[in-house]
Amino acid sequence: MNFFPWLTLIVAFPISAGSLIFFLPQKGNKIIRWYTICICILELLLMTYAFRYHFRFDDPLIQLAEESKWIRFFSFYWRLGIDGLSIGPILLTGFITTLATLAAWPVTRDSRFFHFLMLAMYSGQIGSFSSRDLLLFFIMWELELIPVYLLVSLWGGKKRLYSATKFILYTAGGSIFLLMGVLGIGLYGSTEPTLNFEILANKSYPVALEIIFYILFLIAFAVKLPILPLHTWLPDTHGEAHYSTCMLLAGILLKMGAYGLVRINMELLPRAHSIFSPWLIIIGTLQIIYAALTSLSQQNLKKRIAYSSISHMGFIIIGIGSITDTGLNGVLLQIISHGFIGAGLFFLAGTSYDRIRLVYLDEMGGIAILMPKIFTMFSILSMASLALPGMSGFVAELIVFFGLISSQKYLLMTKVLITCVMAIGMILTPIFLLSMLRQMFYGYKLFNVPNSYFFDAGPRELFISISIFLPIIGIGIYPDFVFSLSIDKVQSILWKYFFYR
């Protein structure tokens, strides 16, 4: 047990400090921005210090563990702890949220409430990744839903109310299944609720009941990831949300669904996962193809990027279904990789919109000459998204491929067939991304429009773009940094739950 409550401090600090934002002057936008950015930077430094000096990377067990009774009547505990699965997403959350706060610099309308919601979302996301109690996990899961709904409905585009309502209906509907799963798995076989992850990981259930629990959790996480056919909220939400919110959605929110599948479905319900894994691989393969083809037909820039995110999530589903250490390490690498790439693409799409006030690709053209810096960064991140060698996307998708091929669970012909279909999806990805670049940046359409507002990227935009680009290159060249976080934990999950049961 940890003596100093590092994780409690890391979880509580953003929302607690964010509550003080309402004491700042209403019209002091500059003060509010700098206050929020300082909180995010301080939080990032705090978690970096705690993980650097108090986390052992070669230990697969829970570390920085904290436990205290919260509600005595219900035996509800405040349990936090991290391991190799959660440390990567937590650091990603800190990094992307700090950059998203800087990206939200142009927001001036009711900026106190806007920045408070971002900080509340920050706490909810870190709390979800560090919870060791199922009910606490559910509460943290819900904590970040309301801020997203308000951010979309109050600071979104023309159809923001429709998109925000669709988002809350889908995610709240998924949360009902999550709560049913939490209560079912916690109350089974005992008079008092058992919600501790460590105890539940060693608990066994009748196969039929385990399958029911698995389906409940799968539906909840399938909405958030998202998995077909529960994906339709994502393009609408991305299409209307402010681009700083899109950065948080693409960079962190989707990854919570993948994390839940690994943490709960794989770790707590191994026999059911072994039964469902072939179906996950089939769905993941279809998702790669379907989302890539649908993205190609989208004329809305942000919706095209949103469908590309759904396509990339297909690789995560396949990696989870492969039940190999290579595939699961590929999943965790893809979570980190796409977190940077997705956030970067939505940021550049938003900064482009701020300048040209156009969102449909068939109305664009010729931006490359007017805004060469944005064109350069957009092109680089598009290359990263289409898995160009030397960038993180290539390594992540390649590792997932190897994980599927090395799986002993599937026949050779099945693996060859799935690999061929995945390869088709990887061919479609460059088609829709390069088509997007061609429609946006080449041609002469915007030469006939008065271009007095077509100023190129400034220091703030360049700083955010480079800050996202450097980790993409770094992971692409040296992925062992990410693997060093997760490899021991992944091996312990697979050996303990799939080879000795």
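## Rings, cavities and pockets in a predicted model

The charged end of Lys224 lies over the ring of Trp141, 3.8 Å from its centre. This is a predicted model.

**Rings**

How many aromatic pairs does the structure hold? There are 25. One of them joins Trp34 and Trp105 edge-to-face, with 5.3 Å from centre to centre and 80° between the planes. This pair links distant parts of the chain. Trp34 is in helix α2 (residues 29–54), while Trp105 is in the loop between α3 (87–103) and α4 (111–130). The two are 71 residues apart.

Tyr243 and Phe347 make another edge-to-face pair. Tyr243 is in helix α11 (residues 243–268) and Phe347 in helix α14 (residues 325–356). They are 104 residues apart, so this pair too links distant parts of the chain. Are Tyr243 and Phe347 buried or exposed? Both are buried.

**A covered helix**

Helix α6 spans residues 145–155. Its buried residues include Leu145, Val148, Leu151, Val152 and Trp155. Pro147 and Ser153 are buried as well. An α-helix has 3.6 residues a turn, so residues three or four places apart point the same way. Among the elements that cover the buried residues of α6 are α4, α5 (134–143) and α7 (160–187). The cover also includes α9 (207–224), α10 (233–240) and α11.

**Empty space**

Rolling a probe the size of a water molecule over the atoms shows where empty space is left. The structure holds seven cavities of 30 Å³ or more.

| Space | Volume | Lining by class |
|---|---|---|
| Largest cavity | about 60 Å³ | seven nonpolar, three polar, no charged residues |
| Second largest cavity | about 40 Å³ | one nonpolar, six polar, one charged residue |
| Largest pocket | about 830 Å³ | 10 nonpolar, 10 polar, 10 charged residues |
| Second largest pocket | about 510 Å³ | 16 nonpolar, three polar, one charged residue |

Residues lining the largest cavity include Gly84, Leu85, Leu332, Ile335, Val482 and Leu485. Which elements give two or more residues to this lining? They are α3, α14 and α20 (480–499).

The second largest cavity is lined by residues including His312, Gln334, His338, Ser385 and Glu397. Helices α14 and α17 (392–405) each supply at least two of its lining residues. The largest share, four residues, comes from α14.

The largest pocket has a volume of about 830 Å³. Of its 30 lining residues, Gly157, Lys158, Gly239, Glu240 and Tyr353 are the closest to the centre. Two or more lining residues come from each of α7, α10, α13 (301–322) and α14.

The second largest pocket has a volume of about 510 Å³. It has 20 lining residues, and Leu91, Leu92, Phe340, Phe481 and Leu485 are the closest to its centre. At least two residues each come from α2, α3, α14, α19 (459–477) and α20. Which helix gives the largest share of this lining? That is α3, with five residues.

Methods: Residues numbered from 1 in each chain as written. Predicted model: local features only at pLDDT ≥ 70, side-chain atom pairs only at ≥ 80, totals over all residues. Heavy atoms only, no water. Phe/Tyr/Trp six-rings, centres within 6.5 Å; stacked < 30°, edge-to-face > 60°. Buried < 20%, exposed > 50% of the residue type's maximum accessible area, 1.4 Å probe, protein only. Lys NZ or Arg CZ within 6 Å of the ring centre and 35° of its normal. 1 Å grid on protein atoms, 1.4 Å probe; cavity = no way out; pocket = protein on both sides within 12 Å on 5 of 7 lines; lining within 4 Å. Points joined across faces, edges and corners; volume = space filled by probe spheres on them. Nonpolar A, V, L, I, M, F, W, Y, C, P; charged D, E, K, R; others polar. Contact = heavy atoms within 4.5 Å.
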